[in-house]
Amino acid sequence: MSTDGLIVVDKSGGMTSHDVVARIRRLAKTRRVGHGGTLDPMATGVLVIGVGRATRLLTYVIGAGKSYTGTIRLGQATVTDDAEGDVIATTPAGQVTDDAIRAALGALSGEIDQVPSAVSAIKIDGQRAYKRVRDGENVELPARRVTISRLEVLAIRRTEPDVVDVDVDVTCSSGTYIRAIARDAGLALGVGGHLTALRRTAVGGFTLAEAATLDELEKRAPDVVNLPLDAAADRFFPRREATPDEARVLAHGGSLDPTGLAGPYAVFGPAGGLIAIVSERDGRARAEIVLAPA
């Protein structure tokens with residue numbers, strides 16, 4: 001069986017995130033595999049996979065900030081707000097100026113209220129929004145507060161009549177939909193817009209530089225984990241060292257004296273092994289999850 005830990009995968013297009021999980025289960029020879037944040041089938045790039053006990057770290061990975069490069073096509077709107085869906089409206093965009101494009105995207109930066117795409121995995125009364133849309137329902141999702149800390153225009157291309165392609169580089173909070181940025185920019189400009197390409201370049205501190213494709217992982221299976229559990233926690237969280245007594249208390253679900261560290265943070269035992277992810281509240285340091293082997 002593979003070591004407990006994280007794998008930074010460079011997902012190829014055409015696969016769901018669940019497809020990647022299924023492949024890793026086979027390669028790592030374990031069912032205990034999960035992913036840290038869905039990537040649409042069209043999208044490529046960083047998908048963080050947890051194996052074994054490290055699946056319990058994925059809730060923190062999901063909440064981490066993310067970075068993307070993508071291409072927005074102005075002049076066409078689609079039912080999914082990306083190239084996977086049928087075109088539902090076309091409006092010639094050739095007259096839209098570069099300055100207007102930059103202004104429309106600039107208005108979508110910072111802390112904004114964003115309405116997710118109706119064709120998304122968000123659940124409404126227990127059912128995915130995209131399934132409700134496929135069943136013929138008119139789905140309207142509530143806006144959610146997201147932060148787009150960087151939205152840089154890399155290039156504006158006019159290689160086809162009546163459409164404008166805009167390459168962007170985005171850093172944003174968890175829960176941000178890049179295809180919603182494409183849709184909203186198109187709406188603001190009065191010509192419609194959708195996303196034609198998306199590549200996730202980073203999740204938290206995990207980047208493409210350390211990502212491996214599934215084909216590369218296949219060659220070294222079952223040794224597919226590139227960040228063992230202890231190293232993954234050390235990368236992702238502030239670190240606290242525990243004394244032998246503290247380690248024993250924490251491993252059995254007890255609490256420790258606080259240190260003032262901003263949580264959550266990782267607590268390591270005297271031998272260097274990860275014990276728990278801890279946060280401080282009500283004057284005590286309490287485990288959110290205990291990861292020391294039973």
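Colleague: Which residues is valine 191 in contact with, leaving aside its neighbours within four places in sequence?

Modeller: In this predicted model, valine 191 is in contact with Leu74, Gly75, Gln76, Thr91, Pro92, Ala93, Gln95, Val96 and Gly186. Contact here means heavy atoms within 4.5 Å. Valine 191 itself is found in the loop between helix H5 (178-189) and strand E12 (193-203).

Colleague: Why is valine 191 called buried?

Modeller: Its relative accessibility is 4%. A residue counts as buried under 20%, so valine 191 is buried.

Colleague: What makes aspartate 40 partly exposed?

Modeller: The relative accessibility of aspartate 40 is 27%. Partly exposed is the class between the buried limit of 20% and the exposed limit of 50%, and therefore aspartate 40 counts as partly exposed. Aspartate 40 is found in the loop between strand E2 (33-35) and strand E3 (44-51). Leaving aside neighbours within four places in sequence, aspartate 40 is in contact with Lys11, Met15, Asp82 and Arg179.

Colleague: Which residue does UniProt list for "active site"?

Modeller: The UniProt record, an unreviewed entry, lists Asp40 under that heading. Such an annotation may be inferred rather than shown by experiment.

Colleague: Why is lysine 29 called exposed?

Modeller: The relative accessible area of lysine 29 is 58%. Exposed means over 50%, so lysine 29 is exposed. Lysine 29 lies in the loop between helix H1 (17-28) and E2, and its phi is positive, about 60°, although it is not a glycine.

Colleague: Is aspartate 162 buried, exposed or partly exposed, and why?

Modeller: Aspartate 162 has a relative accessible area of 46%. Because this value falls between 20% and 50%, aspartate 162 is partly exposed. Aspartate 162 also has a positive phi, of about 75°, without being a glycine. The residue is found in the loop between strand E10 (144-157) and strand E11 (164-172).

Colleague: Where is the cis peptide bond that involves proline 222?

Modeller: The cis bond joins alanine 221 and proline 222, with omega about 5°. Proline 222 is placed in the loop between helix H6 (214-220) and strand E14 (227-228).

Colleague: What domains does the assignment give for the protein chain?

Modeller: The assignment gives domain 1 (5-64 + 204-230), domain 2 (66-199) and domain 3 (237-290). The C-alpha centres of domain 1 and domain 2 lie 26 Å apart. Across these two domains, 13 residues of domain 1 are in contact with 12 residues of domain 2.

Colleague: Which residues does UniProt list for "domain: tRNA pseudouridylate synthase B C-terminal"?

Modeller: The record, an unreviewed entry, lists residues 179-219. Over residues 179-219 the chain is 41% helix and 32% strand, with the end C-alpha atoms 34 Å apart. The unreviewed entry also places "domain: tRNA pseudouridine synthase II TruB subfamily 2 C-terminal" at residues 237-291. Residues 237-291 are 15% helix and 40% strand, and their end C-alpha atoms are 14 Å apart.

Colleague: How many helices and strands are there in the protein chain?

Modeller: The protein chain has eight helices and 18 strands. Of its 294 residues, 47% count as buried. Among contacts between residues at least 6 apart in sequence, 68% join residues at least 24 apart.

Technical notes
Residues numbered from 1 in each chain as written. Predicted model: local features only at pLDDT ≥ 70, side-chain atom pairs only at ≥ 80, totals over all residues. Heavy atoms only, no water. Helix = DSSP H or I, 4+ residues; strand = E, 2+ residues; numbered from the N terminus. Buried < 20%, exposed > 50% of the residue type's maximum accessible area, 1.4 Å probe, protein only. Domains from an automatic or database assignment.
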